[in-house]
Amino acid sequence: MFLTISTNGTAARPATDLGYLLHKHPGKAQAFSTSYGTAHVFYPEADAERCTAALLLEIDPVALVRRGRGKGRGGAPDAALAQYVNDRPYAASSLLAVALGNVFSSALRGVCAARPERAAAPLPLRVEVPALPARGGPDLVRRLFAPLGWSVTADPVPLDTAFPEWGDSRYVRLLLESERLTLAEALRHLYVLLPVLDDAKHYWVSADEVDKLLRAGEGWLAGHPEQQLITNRYLSRRWSLTRQARERLELVRLAEADDSEVEDIDNAVTDEPESGDIDVADESGTEGIDNAAADGTGTGTGTGTEEKPTPLAVLRREAVLAALDACGAARVLDLGCGQGQLVQALLKDARFTEIVGVDVSQRALTIASRRLKLDRMGERQAARVKLVQGSLVYTDQRLRGYDAAVLSEVVEHVDPPRLPALEYAVFGHARPRTVVVTTPNAEYNVRWESLPAGHVRHGDHRFEWTREEFRTWAAAVAERYGYEAEFTPVGPDDPEVGPPTQMATFTITTEREAKAA
């Protein structure tokens with residue numbers, strides 16, 4: 001199997017710099033031992049104007065058979081015969097991708113101490129692969145490479161030129177050209193997409209393949225239109241690994257959209273609470289001051305003869321359930337579902353026929369899945385619930401058409417400049433008939449004895465509203481998007497500072513259209 005990489009240059013920027021970038025000297029041929037044979041690197045041409053590096057992988061058929069035994073996934077439909085009769089010595093398969101990763105490992109990472117400025121800059125590149133297995137044909141080849149900035153020529157290889165009526169084989173002659181990519185980007189594209197097109201990995205796919213895929217796919221895979229196909233094929237259709245890869249890629253996409261780090265996106269929860277704490281955990285999934293019992297003191301303590309006060313988190317859930325019951329909702333969105341406490345409560349009531357929990361944090365959704373025991377849930381019950389990853393500040397077609405949506409202890413976690421985006425995504429785009437919003441009442445904070453003056457109840461709260469601020473915000477949202485808002489106190493309603501939690505129930509008004517956002 002064979003692959004060439006070519007570039008053009010000038011006297012000032014000679015093409016032979018390709019040798020520095022690949023860490024392979026153009027003046028000599030080199031050989032490298034691999035698990036399945038020998039990889040040869042040589043330069044058919046090398047001068048200031050044009051330089052071509054060739055990677056030739058010489059397969060050892062005996063080693064291929066021996067190392068493939070007992071792996072469980074040979075990748076071939078007829079494994080018994082395919083281990084003796086196959087295209088591995090001749091076509092650019094996953095074996096070539098492995099050799100490319102081994103031989104050009106530094107170039108894949110974009111490391112070049114001798115020419116760092118050349119490594120970081122786009123090059124005029126031309127990649128040729130004489131025989132590439134393409135399950136999906138030339139059209140799939142173009143769909144995979146063209147979105148990455150390549151000009152793609154994929155010519156089908158006839159089964160037999162002497163018998164044209166037999167048609168084309170599943171192989172193509174591939175030519176890629178680009179002036180927009182660095183060498184490292186080009187190599188990473190090949191490293192991932194050659195096995196994807198081959199669709200028959202020669203080795204057992206384990207969990208570390210996800211890390212390899214994400215490293216090589218950094219900067220391009222998260223936004224690729226064929227992301228699902230790429231992850232499925234690269235990971236040999238192992239469902240658990242594919243799901244893990246796509247979840248991590250979605251976090252990358254959301255982080256890039258928010259111009260933030262993945263760690264900042266996926267930090268919505270701390271470690272999972274002990275089972276005994278599940279009923280009193282805050283809806284945000286964290287142990288904050290707002291977990292305290294709603295007894296008006298903020299201490300949550302009592303003597304052995306006193307009745308234990310109901311935690312505020314439980315009172316919130318009860319208030320939300322009452323609001324959903326009053327509006328007759330059957331299909332409900334829990335937006336910012338955290339660790340799934342509200343979803344769990346909704347599942348206990350048969351009136352709610354479809355429940356969707358949405359959260360940006362995959363960690364939170366994983367904990368919610370364990371809490372709900374989704375893997376052990378009966379088929380009828382499992383059909384009622386779904387957990388999806390998504391950001392509430394972006395419109396999402398999956399969230400349209402529901403009876404009600406709940407934003408319980410969510411809005412205060414959103415940066416104020418992003419609130420208009422959340423408002424439009426929920427009230428303007430998703431447009432459920434009813435929206436229930438709960439949020440802390442900042443005036444009540446003086447009643448929490450353990451909360452220092454001037455502090456918010458949780459470190460991730462971007463703000464906390466007074467009753468007047470909340471009503472002003474709710475009235476503006478209702479007016480803008482065609483809803484009416486009603487307000488309900490949650491917890492003991494202190495005559496001076498009001499309740500610890502304030503709740504607004506928005507009901508859509510059918511007699512008028514929402515104003516433009």
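**Entry 1: terms and ground rules**

I call a residue buried when its relative accessible area is under 20%, exposed when it is over 50%, and partly exposed in between (1.4 Å probe, protein chains only). Helices (H or I, at least four residues) and strands (E, at least two) are DSSP runs, numbered from the N terminus.

I noted that this is a predicted model, where local features need pLDDT of at least 70, side-chain atom pairs count only at pLDDT 80 or more, and totals for chains, interfaces and linings use all residues. Residues are numbered from 1 along each chain as its sequence is written, and side-chain values use heavy atoms, with hydrogens and water left out.

**Entry 2: the whole protein**

I found 18 helices and 14 strands in the protein. It has 517 residues, and 50% of them count as buried. I then looked at contacts (heavy atoms within 4.5 Å). Of those in the protein with a separation of 6 or more, 72% are between residues 24 or more positions apart.

**Entry 3: helix 4**

Which residues of helix 4 are buried? I listed S94, L95, L96, A97, A99, L100, G101 and V103. Eight of the 10 residues of helix 4 are buried, so this helix is largely enclosed by the rest of the structure.

A reminder to myself: two packed helices are described by the angle between their axes and the distance between the axes. Axes are lines fitted to C-alpha atoms, for helices over the stretch in contact, and angles run from 0 to 180 degrees between N-to-C directions.

I saw that helix 4 (residues 94–103) and helix 8 (residues 183–198) have axes that come within 8 Å and cross at roughly 160°. That makes helix 4 roughly antiparallel to helix 8 (angles under 35 degrees count as roughly parallel, over 145 as roughly antiparallel, 65 to 115 as roughly perpendicular and the rest as oblique). The crossing of helix 4 and helix 8 is left-handed, meaning that the near helix is turned anticlockwise from the far one by less than a right angle; clockwise would be right-handed.

From helix 4, S94, L96, A97, L100 and G101 meet L187, L190, Y191, L194, P195 and D198 of helix 8. I sorted the residues of this contact between helix 4 and helix 8 into eight nonpolar, two polar and one charged.

**Entry 4: helix 8 against helix 9**

Helix 8 packs with helix 9 (residues 208–216) at an angle of about 140°, and their axes are 9 Å apart. The crossing of helix 8 and helix 9 is left-handed. R188, Y191 and V192 of helix 8 make the contact with K212, L213, R215 and A216 of helix 9.

**Entry 5: two residues up close**

V196 is in helix 8, and it counts as buried at 0% relative accessibility. Beyond its neighbours within four places in sequence, V196 is in contact with L144, L229, I230, R233 and Y234.

L214 belongs to helix 9 and counts as buried at 16% relative accessibility. Where does A245 sit relative to L214? The two are 31 residues apart along the chain, with C-alpha atoms separated by 7.4 Å.

**Entry 6: a positive phi**

I looked up K373, which is not glycine but has a positive phi near 55°. K373 is in the loop between helix 15 (362–372) and helix 16 (379–382), and K373 is partly exposed, at 41% relative accessible area.

Key:
Nonpolar A, V, L, I, M, F, W, Y, C, P; charged D, E, K, R; others polar.
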